[in-house]
Amino acid sequence: MNKRMFISKLKKELKNYKKIDSEEIIYYYDEMIQDALDEGQNENDFIKSLGSIDSIIGNIIKDGDFIKEVKSANNNSLINIVSTTVRVISLLCYYFALFIIGIIYISIVIAGFSVVAQAGIYLAVDNLDTMGQIALGAVMLVGLGIGLIGLALIKHLLNNTQSIRLYIIRKTKQLFSKQRSQ
Amino acid sequence: MHCIVLCIRGYLMDIQLKKGLLDLMVLASIKYEDSYGYKIIQDISTIMDISESTLYPILKRLEKQKLVKTYNTTYNSRIRKYYQINQDGLEKLKQSIDDFDEIKRMYTFIKR
């Protein structure tokens, strides 16, 4: 593989990762390869020594995760510095909020899929004309859409539990410090 | 349970220690003169194994932490990015030497 092929392959792969600053990485490798060539290294051998594009991107992501890990570890320590009262109240609020939001989302999913089921039963049991069948089919699709939206919301909620918890801890802490200053 | 926590902490510490050392190696490689990606790899690889793909995140991190400064110059009618250590970076290197003395003492204690 020569430099041009490598760079274009890297560019193509990096397109899948929006959070990575791809232009800078491409610049970095372009410069690196050019420097190696200027030093008299063999183009193919050097590019082979760079490793696979997967491992290159993997290293960048791994490091990003590492930074995130350190950050979240710092965030977690927020709970250690707040007082026990704040901690208990905020955790209660957190579970309560999670419970309420979770129930709302689950009910959306159930509503969506029950529309699908209901329409399906009508479609199977009742003797309908073509128009009626099309209409019920449309209703089923709408129900499916609602159900999938509900599932996506649940997934989103599960992905963001950490930030919700931190948000509540922060708010509770603010509330308490305000009361104290009054 | 306690054991698992300890294991995870040990693992994290291992990563952190390694990352920290690599950061210091890169800082040390530009301690006396500004350098660029390829040369940093060449300089460090005489002492330890480091790949191009490992170096990039380190440089990026050092830049983010404002331990190094970067600038572009033209070389052979193309742009080359140079890395320059700044005061904070030098401070960190100095600090690391004190840390190493402590680690050395701990190591001697562990090994005895």
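This note goes through the predicted model of chains A and B point by point.

1. Basis and conventions. Residues are numbered from 1 along each chain as its sequence is written, while chains are lettered from A and ligands numbered from 1 in the order in which they are written. Since this is a predicted model, local features need pLDDT of at least 70 and side-chain atom pairs count only at pLDDT 80 or more, whereas totals for chains, interfaces and linings use all residues.

2. Confidence in chain A. The mean pLDDT (the predictor's confidence in each residue, from 0 to 100) of chain A is 81, with 86% of its residues at 70 or more. Within chain A, helix H4 (residues 53-81) has the lowest confidence, at a mean of 61, and helix H6 (residues 130-159) the highest, at 90. Over residues 66-77 of chain A the pLDDT stays under 50, and for that stretch the model has 4 contacts beyond four places in sequence, a contact being two residues whose C-beta atoms, placed from the backbone, lie within 7 Å.

3. Helix packing in chain A. The axes of helix H1 (residues 3-14) and helix H2 (residues 22-38) of chain A come within 10 Å and cross at roughly 165°; axes here are lines fitted to C-alpha atoms, for helices over the stretch in contact, and angles run from 0 to 180 degrees between N-to-C directions. H1(A) and H2(A) are therefore roughly antiparallel to each other, the term used for angles over 145 degrees. On the side of H1(A), the residues that meet H2(A) are Lys3(A), Ile7(A), Leu10(A), Lys11(A) and Leu14(A). Their counterparts in H2(A) are Ser22(A), Ile25(A), Ile26(A), Tyr29(A), Asp30(A) and Ile33(A).

4. Contact between the chains. The contact takes 16 residues from chain A and 15 residues from chain B. On the side of chain A that touches chain B, the elements giving two or more residues are H2 and H4 of chain A, and H2(A) supplies the largest share, 8 residues.

5. Layout of chain B. Chain B has 4 helices and 3 strands, where helices (H or I, at least four residues) and strands (E, at least two) are DSSP runs, numbered from the N terminus. From the N terminus on, these elements run α-β-α-α-β-β-α. Of the 112 residues of chain B, 20% count as buried, that is, they have 20 or more other C-beta atoms within 10 Å of their own, with C-beta atoms placed from the backbone. Among contacts in chain B between residues at least 6 apart in sequence, 47% join residues at least 24 apart.

6. The sheet of chain B. The 3 strands form an open sheet in the order E1-E3-E2 (chain B), with antiparallel pairing. Strand E1 (35-36) and E2 of chain B stand at the edges, each with a single partner strand, so one side of each is left without a neighbour in the sheet. E1(B) and E3(B) pair over 2 bridges, and two strands count as paired if DSSP finds at least two bridges between them. Tyr83(B) in E3(B) is the bridge partner of Ser35(B).

7. Backbone in the loop between E2 and E3. Most residues other than glycine have a negative phi. Asn76(B), which is not a glycine, has a positive phi of about 50°, and its place is in the loop between strand E2 (68-75) and strand E3 (78-85) of chain B. Ser77(B) also lies in the loop between E2 and E3 of chain B and has a positive phi of about 55° although it is not a glycine. Asn76(B) is exposed, with 8 other C-beta atoms within 10 Å, and Ser77(B) is exposed, with 5; a residue counts as exposed at 12 or fewer.

Definitions and conventions:
Angles under 35 degrees count as roughly parallel, over 145 as roughly antiparallel, 65 to 115 as roughly perpendicular and the rest as oblique.
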